[in-house]
Amino acid sequence: MANYQNILFENKEGIAHLTINRPDKLNALNIQTIEDIKVAFEEIYDDATIKGVVITGAGEKAFVAGADISEIAELNELNARKFAESGQEVFSAIENCHKPVVALVNGFALGGGCELAMACHMRVATANARFGQPEVNLGVIPGYGGTQRLTQLIGKAKSFELCMTGDMINANQALTLGLLNYVLDTQTEAIAKCEEILNKVISKAPVAIGLVIDCINAVSNEQENGYQTEANGFAACTKTADFAEGTTAFLEKRKPEFKGE
Ligand code: COA
């Protein structure tokens, strides 16, 4: 396992728990933390024993309170573009991962924190979670894909409002807007919900799950015809042993045993 500086990374019975670990700075994402997440996802892609991922923040107060403002303050036009592009690349690796990734949002998810949560396939929050894109308060805009993913998730009207006012919303508002899948009262309940979702997804045919991820992500790729991607994926599934197993098991009235082949 890699030597991480700002994250905790543990494979617990097939579910990787990735915890952003800078609680003194409300888990703000500095460049080293982005690098740690990048390496962790290389591990997640390569390690067949990892079947799903939970991303959360250390402590009780914050998921991630944004990109690290002390680093943002030093940026200029040249390195700011690279800064945004390298963060976007890491967040795309999360979004395109063929294993299910759930964010457990336990407090502030602001700026890059909201963007990190949105790069995950699903989001579960505790009741104290707060979401926002407050970059305009600093004279900048979201740079890790926030304008795009927020608009895809909640539509233009509310995305304009959040990105232009910098206002924060609470967990129930985020749930109503479609930014969240579930809100639970406590951290313990939220972790249990994440594990319940992941264990359910992990019990399905892994090739089909990876293709669902590709097809749903195709919605946001203008270069790609998502209907074509779906038809190709549908056809590809029929070549797998898991397709034969899934359909046979249904007809034989038994539970399928998927092997990821
Ligand atoms: N970058 C760097 N440091 C951050 C940070 C960020 N995005 N967010 C919080 N911190 C640091 C604070 O500077 C403080 O550090 P210090 O104790 O060394 O002074 C520590 O985390 C605790 O934050 P603090 O502001 O004292 O907590 P609070 O409870 O009063 O306020 C927030 C919480 C989230 C409202 C406030 O920290 C905040 O507005 N953070 C910035 C959010 C933001 O603009 N994010 C987008 C960045 S692009």
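**Ground rules.** This is a predicted model: local features need pLDDT of at least 70, side-chain atom pairs count only at pLDDT 80 or more, and totals for chains, interfaces and linings use all residues. Residues are numbered from 1 along each chain as its sequence is written, and side-chain values use heavy atoms, without hydrogens and water.

**Exercise 1. Describe the overall build of the protein chain.**

Step 1. Take the secondary structure. The protein chain has 11 helices and 10 strands. Both are DSSP runs, numbered from the N terminus: helices are H or I with at least four residues, strands are E with at least two.

Step 2. Box it. Along the principal axes, the C-alpha atoms fill roughly 60 × 40 × 35 Å.

Step 3. Take the burial. Of the 261 residues, 44% are buried. Buried means under 20% relative accessible area, exposed over 50%, and partly exposed in between (1.4 Å probe, protein chains only).

**Exercise 2. Characterise the shell around the ligand.**

Step 1. List the neighbours. The shell holds 16 residues, and K25, K61, A65, A67 and I69 come nearest. A residue is near if one of its heavy atoms lies within 4 Å of the molecule.

Step 2. Sort by type. The shell residues divide into 10 nonpolar, 1 polar and 5 charged. Ala, Val, Leu, Ile, Met, Phe, Trp, Tyr, Cys and Pro count as nonpolar, Asp, Glu, Lys and Arg as charged, and the others, Gly among them, as polar.

Step 3. Find polar contacts (a pair of N or O atoms within 3.5 Å). A ligand oxygen sits 2.5 Å from an N or O atom in the side chain of K25. An oxygen of the ligand is 3.4 Å from a polar backbone atom of D24. A ligand nitrogen is 3.0 Å from a polar backbone atom of A65.

Step 4. Helix 2 (69-72) and strand 6 (108-110) are the elements that give two or more residues to the shell.

**Exercise 3. Examine two residues with positive phi.**

Step 1. Take L26. Its phi is near 50 degrees, a positive value in a residue other than glycine. L26 lies in the loop between strand 2 (15-20) and helix 1 (31-46). Its relative accessibility is 25%, so L26 counts as partly exposed.

Step 2. Take K253. Its phi is about 55 degrees, also positive, although K253 is not a glycine. K253 is found in the segment after helix 11 (241-251). At a relative accessible area of 77%, K253 is exposed.

**Exercise 4. Work out how enclosed helix 4 is.**

Step 1. Count. In helix 4 (residues 112-119), 8 of the 8 residues are buried, so the helix is largely enclosed by the rest of the structure.

Step 2. Name some. Among the buried residues are C114, E115 and M118.

**Exercise 5. Compare sequence separation with C-alpha distance for two pairs.**

Step 1. Start at C194, in helix 8 (residues 187-202). C194 is buried, with a relative accessible area of 1%. C194 and L29 are 165 residues apart in sequence and 23 Å apart in space, C-alpha to C-alpha.

Step 2. Move to I216, in helix 9 (residues 206-218). I216 is exposed, at 58% relative accessible area. Between I216 and K61 there are 155 residues of sequence separation and 32 Å, C-alpha to C-alpha.

Key:
A polar contact is a pair of N or O atoms within 3.5 Å; within protein, one must be able to donate a hydrogen and the other to accept it, and residues adjacent in sequence count only if both atoms are side-chain atoms.
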